[in-house]
Structures are given as C-alpha cells and as structure tokens.
Amino acid sequence: SDMEQSFNYNPGLIHSLDSVLHLASSNPPLAGQHLPWTNRFDQMRDYRERFLDAVLMPDGGRPATGCDNTWNYSREDAVLAYANRQTEYNATEPVTLGAMIRDHLLGQGQSAEPNFTSVFFPFGGWLVMRDGWTPNSLYAFMKTSRPAPGHMREGGNGVAMSAYGRYLIVNSGADAYSDRGVFSRYVDSTVSQSSISVDGFSQVLNASEKTQSYNKPIRARAYTSANFDFGEGIYDSPYGGWNFQTGESVDATIDDVRHVRQLMFIREVGAWIITDRLTSVSDHTFTTSWCLSPEFSNTEVVVHRETASCKTCSQSSANIELRFFASPGMDISKHVGESDETTALGWRAINWDETKQRYTPAVDLLTELRDSGDVIIVTLVVPTPSESSRVTECNPANTDKAVGFDAQLADGTALNYLASTGGMLSANNVEVDGQSLLIISKPEERTRGLVLRADGATGSEFEIGSSGEMQPIAEIGIPKGFAWSNATGSIAPVYG
C-alpha cells in the first residue's frame with residue numbers, strides 16, 4: 001500500500017497489470033508457464049486490489065487522501081451501475097474479496113460477508129475501523145503515511161468518519177490541476193484535512209526525502225478485536241509552508257514538534273476516543289481542525305464553549321457529538337466560508353463557482369491551545385442516528401498528570417478514560433501503570449477495557465474478574481508485517 005496517494009489513479013494500474021500478465025502468459029517465452037516472478041507479480045496485483053477494496057467507505061466510495069476529489073462520487077449512481085453490471089453479465093462477479101464487499105455495500109448482500117471488518121496497512125500507513133459491511137455501518141479512516149511519490153497532500157494523521165449513512169468528519173478534497181489562489185493553498189494544507197496545525201502552519205511532509213517503497217512497517221501499534229479497535233499514527237516531520245492564520249508562506253521552520261494521534265473504537269458503544277499527543281521544546285499554538293460534512297448547515301453545528309463540546313442538530317439524518325478535554329483548556333471557534341486574498345477557512349472542494357470564484361462553504365471547527373513540553377488532547381466522538389444525544393453526562397477527569405473524562409451514555413454504559421505520558425492511572429477502581437486507560441462498564445456485564453503502556457510499543461485488552469482482578473485477554477503491539485491469508489477459507493489480513 002505504499003502507493004500513489006490519490007486512490008483514483010490506482011484501479012487503472014490493476015487493469016494494466018492484468019493486461020501485462022495476460023500478454024506475458026499467452027506468448028513466448030512464457031507461453032503458459034508460471035515462473036516465480038510472474039507469481040509474485042500476480043500476488044502484488046491482488047494485494048493492490050484488496051487494499052483498494054478494504055478501504056471502501058460504507059457508501060462504496062474511497063476516502064479522499066491525495067489530490068483526488070471524491071465529491072463527485074454518487075452512491076445512487078454506483079448502486080445503479082452495480083445492478084446493471086450484474087444484469088448485463090447475467091451472473092455475479094467472481095467471488096473475490098472486492099466482489100463480497102461491493103455486494104454488501106452496493107448490492108443485496110447475498111454473498112458471505114468478509115470475515116474481518118477493520119484493517120491496518122502498517123507499511124503504507126492507512127487505518128480503517130468499521131463495525132460492519134453495510135451502507136449504515138460506522139466507519140473511520142486515518143492516513144498515517146510516510147513521504148511518498150505522487151499526488152500527496154499534507155494530511156498526516158488526518159481522519160474521516162461516517163455513520164448511519166452520512167459523512168460526519170471529512171477531508172476537504174482537492175483540485176489537483178488548477179491554481180485557484182488561496183483556495184488551492186487551503187485544500188492542500190493540514191487545516192483542511194482534520195488533523196493538527198502548529199502556529200498556523202501546515203505539515204510539510206512533501207519536503208522530506210521520499211522512497212519508492214518501504215520494507216519495514218511503521219513503528220505504530222494496531223489492534224482489532226470483537227470489542228475494540230486501536231491504531232495510532234506518527235508525524236515527526238517539520239511544519240511550515242502556508243499559514244492559514246496569516247496567509248504567509250515560508251520554508252519549513254518548526255522542527256521541534258512530534259504528533260502522535262491514537263484512535264480507539266469502542267465497538268459495542270459505537271464511539272471513538274481520539275488522543276493527540278504533542279511533544280515540543282518551545283511554546284506553540286496547536287490547532288486541531290474538525291472539517292464537518294457540508295451536509296451540515298452553519299446553524300446545525302452548535303458549539304458549547306462552557307462544556308468544551310460541539311453537537312450537530314440535523315433533523316434529516318445522523319448527527320455527531322464531540323467532547324474536548326485538555327490541560328490547559330482550549331479555545332473553540334467555528335468558521336464557514338471565510339476567505340480573503342491570503343487566507344481561507346471553511347470550504348469543501350465542491351462545485352467551483354466561476355462567477356463568485358469560490359468552492360462550497362462548510363463548517364471548520366477549530367480547537368486551539370498554546371503550550372510546550374508534553375501536551376495531551378482527548379476528544380470523545382459519539383455519532384448518533386437521530387437528533388437525540390446519546391451522552392447523558394460527561395465530565396473532565398483531569399489530574400495534574402493526566403487528561404480524560406467520565407461519561408455516561410443513555411443505554412447505561414459508563415466510559416472512563418485517562419491519558420498521560422506514563423505512570424499510575426486509576427479509573428473506576430482499576431489502577432494500572434500505563435499511558436492510557438479505558439474502562440467500559442455496563443449493568444450486569446463484566447467490566448472490560450484497554451491499557452496502553454508507556455513504552456509506546458505494547459498494551460492489552462482486559463476484563464475485570466468477579467474478584468476485581470484484571471484478566472488480560474489479548475496483547476496490543478506493533479505489527480511485524482502484513483499479508484492477506486486464506487487459511488480460514490476466506491481472505492483476511494494477518495500482521496505476523
């Protein structure tokens with residue numbers, strides 16, 4: 001998956017590989033022979049195809065990553081095209097992983113489901129978390145890639161989320177082959193891709209040395225189980241380029257900041273916890289951008305500064321609630337369709353208006369704090385299928401060494417979470433040595449949770465036994481590799 005980062009270019013490569021393989025196998029000197037290099041060639045063709053299928057969003061489209069613009073994708077058109085293709089050939093597609101996925105996302109769901117949901121690509125740096133293979137499934141995508149050739153934008157550790165058939169957190173998208181002044185600078189920068197900017201400046205990963213391929217996984221933990229998913233991304237390159245606050249453009253000037261973003265998906269709850277860990281020598285202003293779907297109008301995005309939270313209130317479809325926790329506190333601001341000659345905020349690369357010289361306005365929600373040393377920002381993300389909030393109570397649980405919260409959900413679930421740089425953490429009568437502790441408790445059910453250890457390489461999922469003892473279920477670690485396996489009779493990723 002260390003590849004051209006505009007995903008729209010990659011399906012064409014698969015068709016080209018098919019043509020090359022057919023040409024080689026049908027003519028001398030091969031003439032039907034399968035040699036080691038042709039087998040490897042065939043394998044890598046399949047790996048590329050499975051990657052592109054495994055990252056598909058619930059609506060059947062691919063997430064925006066590089067300079068591709070995915071806003072012209074139509075699920076209705078894709079469903080119709082899928083149905084017409086099935087009718088035209090009077091048969092289902094071959095039973096490949098992609099065929100199974102498209103049948104459930106675009107068709108009638110008559111085939112067997114893939115026997116995995118979430119997937120991590122530790123060489124390329126892509127994380128997908130989902131709870132199923134339906135158009136209404138919960139889905140999160142994070143780009144954590146290293147420098148790569150091709151159409152690459154500065155969106156390291158950027159996230160996108162959808163739930164209940166609706167985009168919630170998005171990437172602005174881009175318009176690769178046109179220079180539209182300040183709008184091009186905005187969509188190419190980090191602030192438009194739901195990640196963190198520093199002192200107003202963007203990441204400048206593109207300025208780093210690139211390589212055609214990587215033969216070792218990124219040293220970032222990943223884990224998936226029936227109860228939880230966990231994944232993390234690391235950005236430790238400079239910041240510079242265009243500044244969304246001042247409009248100036250400079251070479252990379254900030255090189256003392258390291259950003260680690262950690263995603264926890266609580267499957268049974270249908271919620272995410274995002275922990276941003278920033279380390280710096282000097283004081284910096286850290287701005288986290290949350291680019292909301294353009295389906296939400298300005299009035300439907302309500303900010304509650306007194307509780308450091310934001311909730312959408314759309315009557316037509318799904319909504320999202322975000323709760324922010326940090327020490328020191330942070331400022332929250334909302335920006336929609338702002339622009340002048342040098343700066344811009346709150347746009348999506350949809351429907352360029354030639355007369356007004358602008359794209360489609362949408363809400364950029366920004367949280368901002370200034371600090372140095374070890375800075376931790378925690379965000380609870382709770383999607384909901386209706387306008388009603390699923391969070392009945394949520395309070396900060398910050399200590400002098402940790403940031404976190406205690407939350408109560410409408411179904412009776414209690415969430416307790418703490419994040420620190422390391423040391424003893426205590427929540428809901430559970431005490432452990434680590435950098436993060438998550439506790440999930442429900443009436444008449446066993447308490448379970450996750451712990452991440454301060455070594456940055458390990459952790460575990462656990463249950464609390466009847467006597468209050470912690471019982472490990474499985475270890476969390478850094479993937480040693482990646483392969484697609486058919487050992488169980490169905491294609492699935494393995495990370496050994």
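Two strands are taken to pair if DSSP finds at least two bridges between them. Strands (E, at least two residues) and helices (H or I, at least four) are DSSP runs, numbered from the N terminus. The structure is a predicted model, in which local features need pLDDT of at least 70 and side-chain atom pairs count only at pLDDT 80 or more, while totals for chains, interfaces and linings use all residues. Residues are numbered from 1 along each chain as its sequence is written, and side-chain values use heavy atoms, with hydrogens and water left out.

Strands of a sheet pair through backbone hydrogen bonds, either parallel or antiparallel. In this model, five strands make up an open sheet with the order β1-β2-β3-β4-β5, and their pairing is antiparallel. At the edges lie β1 (119-121) and β5 (166-169), each of which pairs on one side only. On average, neighbouring strands of the sheet are turned by 15° against each other, direction ignored; the axes are lines fitted to C-alpha atoms, and angles run from 0 to 180 degrees between N-to-C directions. Strand β2 (residues 126-130) runs antiparallel to β1 and is joined to it by three bridges. Within β2, Val128 is the bridge partner of Val119.

Grid points are joined across faces, edges and corners, and a volume is the space filled by probe spheres set on the points.

The largest pocket has a volume of about 670 Å³. Its lining consists of 28 residues, with Pro11, Asp53, Leu56, Gly60 and Arg62 nearest the centre. Two or more lining residues come from each of α1 (10-26), α2 (36-54) and α3 (75-89).

Four cavities of 30 Å³ or more were counted. The largest cavity has a volume of about 150 Å³. Among the 14 residues that line the largest cavity, Met57, Ala64, Thr70, Tyr167 and Val170 are the closest to its centre. Both β4 (158-163) and β5 supply at least two residues of this lining, and β4 gives the most, with three. The second largest cavity holds about 100 Å³ of space. It is lined by 14 residues, of which Phe121, Pro122, Leu127, Ala220 and Glu232 are the closest to its centre. The elements β1, β2 and β9 (228-235) each give two or more residues to the lining of the second largest cavity.

Note on methods
On a 1 Å grid over the protein atoms alone, a cavity is a set of points where a 1.4 Å probe fits but cannot get out, and a pocket is an open set with protein on both sides within 12 Å along at least five of seven lines; lining residues have an atom within 4 Å of a point.
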